[in-house]
Amino acid sequence: MELTMSKTPAKSDLSVYGVKNADVKWNLTPEELQAITVEKGMGRETANGTLAVNTGKFTGRSPQDRFIVRDEYTEEKVWWGKINKPVTSDNFDKLYDEVVKYLSGKEIYARDGYVCADPQYRLNVRTVTELPWSNFFVNSMFLRLADEEIENFEEDWLVLCAPGYECPLPEAYGIRQGNFSILNFSRKVALVGGSAYTGEMKKGIFSALNLILPVEKNVLPMHCSANVGEDGDTAIFFGLSGTGKTTLSADPNRKLIGDDEHGWTKENNIFNFEGGCYAKVIDLTEEKEPDIFRAIKPGALLENVVFNEDGTVDYMDSTITQNTRVSYPIHHIDNIQDPSYADNPKNIFFLTADAFGVLPPVSKLTPGQAAYHFISGYTAKVAGTEAGVTEPVPSFSACFGAPFMPLHPTKYAEMLSQKMQEAGVNVWLINTGWSGGPYGVGSRIKLKYTRTMITEILKGNLDDVDFEQHPIFGLHMPKYIHGVPSEILDPMNTWLQKGAYIQKAINLAHSFHLNFEKFESQASEEIKAGGPLIDEHHHMDDHV
């Protein structure tokens with residue numbers, strides 16, 4: 001393969017960051033990086049030429065090893081605690097010096113790009129990586145520069161990624177173990193050491209934007225997917241892993257803006273932070289996820305997948321991890337909004353896979369309920385899939401993205417509430433989980449019905465139907481949706497035993513109340529009133 005001239009910016013001397021005498025490869029093409037990765041024995045190609053790598057010891061993010069430097073800038077802003085753990089400036093500086101010393105004298109890879117597709121909010125990011133395929137990932141996931149932009153590039157943030165560096169004395173540096181992912185808002189550096197999992201870089205910059213945008217730019221950052229219709233109406237989909245965020249935003253009649261991270265501006269634009277997608281591929285089939293399946297071609301990067309003898313991938317095999325992934329530039333998807341921003345948000349969907357079978361398949365939320373459910377970020381995890389039914393576990397992640405949110409969740413919820421009201425947006429709670437009983441008894445709501453509900457909402461066809469209120473959660477359930485059996489719209493109708501349903505619903509309401517206690521002190525009355533109507537002290541007789 002003939003290597004083209006690499007594109008080196010004018011300011012290309014890494015010694016300003018403390019990296020000395022390194023052999024730096026600048027802005028290599030994906031083809032060049034793939035060739036180097038394979039040649040060095042760090043990856044292999046699948047039957048169709050897609051690069052596949054193994055991320056080593058870490059096959060997912062390590063949330064307990066994520067830190068934010070506690071200094072004058074962050075002290076009063078960050079919601080310190082289990083999610084946002086502090087590290088001192090001194091300890092950061094010492095670790096930073098260790099990492100740049102480690103990278104010095106090595107062959108390393110540098111790439112200039114940016115995040116935030118809306119030009120008004122663009123943030124330039126320079127990434128320096130020890131591994132060629134980490135750099136390949138960044139090329140897919142961050143927004144790519146035009147050739148003429150490289151020469152005079154100046155970064156706003158620097159990402160340093162050194163998977164081979166492990167801190168020998170973590171206690172002495174105020175960290176937990178040898179690997180770490182640290183944000184320093186004063187120095188504008190994201191430092192990753194000891195883990196080759198690529199998501200640490202992506203989510204590091206996402207976390208940084210989740211503080212910078214609301215605090216400095218009055219932009220709401222969101223862990224969501226988004227698409228736009230032919231009439232220019234934008235829809236936003238929030239949801240935790242496995243609830244259908246990527247699947248449901250891929251709609252043949254609408255253009256994809258992005259699948260994971262977006263901002264909502266004061267001008268009412270929705271813009272993608274990223275230049276690509278990072279999708280789970282466990283159990284992937286072309287039939288279930290045609291867009292993702294077809295995006296896996298040269299230029300994409302597969303992580304931790306297992307091969308068949310003929311070099312094809314066995315997507316069913318989770319021997320290495322359940323969290324098998326692919327990253328690819330967004331132009332691998334056909335139907336995209338380019339550039340990736342749009343205005344006019346009209347509908348917001350909160351997706352939850354309720355394995356208890358309690359929540360209605362679709363309901364409309366008041367602004368208070370929307371803020372409450374946004375702060376709660378509920379889904380239910382199915383505990384086990386082995387024989388013998390296991391009880392699902394409720395799972396709450398504030399703002400549908402707690403691990404990446406440096407501010408107190410009520411800050412994001414109040415911004416969302418205000419923007420919803422200003423823009424006149426409808427907010428819907430969609431249960432993509434169970435109906436007719438909990439996991440093991442009931443069945444998963446058909447994807448076909450969920451798609452129909454969303455399509456009917458987007459067409460405006462639910463504007464004139466009657467709604468009834470759920471007795472326990474207070475949610476407004478439509479009585480009729482064209483193309484969906486009416487009997488499934490009120491979940492109580494789908495259970496054989498009404499009493500069992502009510503008991504399960506009261507239990508779930510109780511879980512919501514317990515989870516919300518930690519936010520109570522900073523939540524407005526309107527938000528508090530958006531929760532379930534009853535807690536364990538009330539009796540159902542008053543409501544049914």
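Student: How many bridges join strand 15 to strand 16?
Tutor: Bear in mind that this is a predicted model. Strand 15 covers residues 261-264, and it runs antiparallel to strand 16. One of the pairs across them sets G263 against its bridge partner F271 in strand 16. The number of bridges joining strand 15 to strand 16 is three.

Student: Which residue in the turn between strand 15 and strand 16 has a positive phi?
Tutor: The two strands form a hairpin, with four residues between them. Within that turn, a positive phi of about 70 degrees belongs to N268.

Student: Which residue of strand 22 is the bridge partner of I270?
Tutor: Strand 16 also pairs with strand 22, which spans residues 341-343, and this pairing is antiparallel over three bridges. The partner of I270 in strand 22 is A342.

Student: Are the residues on the two faces of strand 16 buried or exposed?
Tutor: Strand 16 consists of residues 269-272, with N269 and F271 on one side and I270 and N272 on the other. To be called buried here, a residue must have under 20% relative accessible area. Both faces are covered, and these four residues are all buried.

Student: Turning to the open sheet of five strands, which are its edge strands?
Tutor: The order of this sheet is 2-3-18-21-17, and its pairing is mixed. An edge strand pairs on one side only, and this holds for residues 43-45 and for residues 276-280, which are strand 2 and strand 17.

Student: What angle does the direction of helix 1 make with that of strand 2?
Tutor: Helix 1, made of residues 30-39, packs on the sheet and touches both strand 2 and strand 3. Its direction makes an angle with that of strand 2 of about 115 degrees.

Student: How do the residues in the contact of helix 8 with helix 9 divide into nonpolar, polar and charged?
Tutor: Helix 8 (residues 367-376) and helix 9 (residues 409-423) pack at an angle of about 145 degrees, with their axes 9 Å apart, and the crossing is right-handed. Among the residues making the contact are A370 and F374 of helix 8, together with L416 and M420 of helix 9. The contact residues divide into 10 nonpolar, three polar and no charged.

Key. Residues are numbered from 1 along each chain as its sequence is written. This is a predicted model: local features need pLDDT of at least 70, side-chain atom pairs count only at pLDDT 80 or more; totals for chains, interfaces and linings use all residues. Side-chain values use heavy atoms; hydrogens and water are left out. Two strands pair if DSSP finds at least two bridges between them. Contact means heavy atoms within 4.5 Å. Axes are lines fitted to C-alpha atoms, for helices over the stretch in contact, and angles run from 0 to 180 degrees between N-to-C directions. A crossing is left-handed if the near helix is turned anticlockwise from the far one by less than a right angle, and right-handed if clockwise. Ala, Val, Leu, Ile, Met, Phe, Trp, Tyr, Cys and Pro count as nonpolar, Asp, Glu, Lys and Arg as charged, and the others, Gly among them, as polar. Buried means under 20% relative accessible area, exposed over 50%, partly exposed in between (1.4 Å probe, protein chains only).
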